[in-house]
Amino acid sequence: VEIQVRKLYCISRALTPLPINIEDAARSKVEIEKALQAGEQLVQVNQDTRLNFRFLDLRTSANLGIFSVETQVQNIFRQFLLSEGFVEIRTPKLIAGSSEGGSAVFKLDYKGHPACLAQSPQLYKQMAICGDFGRVFEIGPVFRAEDSYTHRHLCEFTGLDVEMEIKEHYSEVMDVVDRLFVMMFDSLNERCQKELEAIGKQYPFEPLKYLRKTLRLTFQEGIQMLKEAGVQTDPLGDLNTETERKLGLLVLEKYGTEFYILHRYPLAVRPFYTMPCSDDPAYSNSFDVFIRGEEIISGAQRIHVPELLTTRAEVCGIDVATITTYIDSFRYGAPLHGGFGAGLERVVMLFCALNNIRKTSLFPRDPRRISP
């Protein structure tokens, strides 16, 4: 078909030269390396430059694909939970005390009173359960003031949070995780083929390996696997990034999956509101979930007894006076309950095997970046 242009209107004129060329920003490392081998040097746009001109960087096919996938993750998360009888809630992000404990909070003045940005909706999710909501979830911003200069940490991210009544055992929460994420992965592979292809063209990756029934290992079983592989780890300590990755490789080799649940963590490494195991108080009714050797979900049964909750808060160094409203909500009867939280950006990063979480955050906030 031939087109004869009679008139051409310029809607918006771009300044020249562009700070970054879209063609350069869309180039893969494989393409750059092949050119080098052939004696040609192509322009490579580094991460800081991309983020400085994010409004241009977002125009690449890979980036458009990433945020389309992110949209689907939120949609699948919401629709699955609604179908399971969950209620979507909105919780405050300005709070009087820290929601997770510790000092990694953004502090601010709230009309003459000390306050901070919420590290999670944790306390309010639980209070909603005390209000007979039964099952709740939230998709919303989370703020962490940690000085973490890593590939997987942000100071602000989108939390995917769930809380629910437990009938008999905290495994019921892991059951929801299992069904939700297997359905999510299936749906992404089915609905987002075009987007995943665009992402893979610039950032090549292998499809995620996962089982129809998600593998569950106890923390002690994980420690034993590491020990047998010659990796010495504190049996009552937390796993660091290196040991998490090593365990992920061992699990893949033995069970053929890159998605699994590790539960019954040592109590000492979990938040103050985590329920201790009834058969061994050194451990807890808690779990983490991993994709490709990296943690994406943290969950647990929560303490619903106010006296034990107060004791645990004091042990963890939390000023009880700042969370009295939270603790008081359990004084008038509270069901057994538990839940979990995941980071949207981290889920997409690991599903697509991307090497940095800043690729899945529209305008990332980390210890060194607060603009654009």
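Q: How much space lies in the second largest pocket?
A: In this predicted model, about 450 Å³ of space lies in the second largest pocket.

Q: What makes K29, R50, Y203, N355 and K359 part of the lining of the second largest pocket?
A: A lining residue has an atom within 4 Å of a pocket point, and the 22 residues that line the second largest pocket include these five, which lie nearest its centre. Helices α2 (29-37), α3 (47-52) and α4 (54-57) each supply at least two residues of that lining.

Q: How is the lining of the second largest pocket made up by class?
A: The lining has eight nonpolar, seven polar and seven charged residues.

Q: Why is helix α13 (residues 344-351) described as largely enclosed by the rest of the structure?
A: Buried means under 20% relative accessible area, and eight of the eight residues of α13 are buried, so the helix is largely enclosed by the rest of the structure. The buried residues in α13 include the charged E345 and R346, along with L344, V347, V348, M349, L350 and F351. Just after α13, A353 takes a positive phi of about 55°.

Q: What makes a set of residues a nonpolar core, and which members of the largest one touch the most other members?
A: Such a set consists of buried residues of the nonpolar core types, joined through side-chain atoms within 4.5 Å; of the 55 residues in the largest nonpolar core, F181, F287 and F340 touch the most other members. Helix α7 (residues 171-191) gives the most to this core, with 10 residues. A second, separate core of 15 residues includes L309, I318, V320 and Y326.

How values were computed:
Residues are numbered from 1 along each chain as its sequence is written. This is a predicted model: local features need pLDDT of at least 70, side-chain atom pairs count only at pLDDT 80 or more; totals for chains, interfaces and linings use all residues. Side-chain values use heavy atoms; hydrogens and water are left out. Buried means under 20% relative accessible area, exposed over 50%, partly exposed in between (1.4 Å probe, protein chains only). Helices (H or I, at least four residues) and strands (E, at least two) are DSSP runs, numbered from the N terminus. On a 1 Å grid over the protein atoms alone, a cavity is a set of points where a 1.4 Å probe fits but cannot get out, and a pocket is an open set with protein on both sides within 12 Å along at least five of seven lines; lining residues have an atom within 4 Å of a point. Grid points are joined across faces, edges and corners, and a volume is the space filled by probe spheres set on the points.
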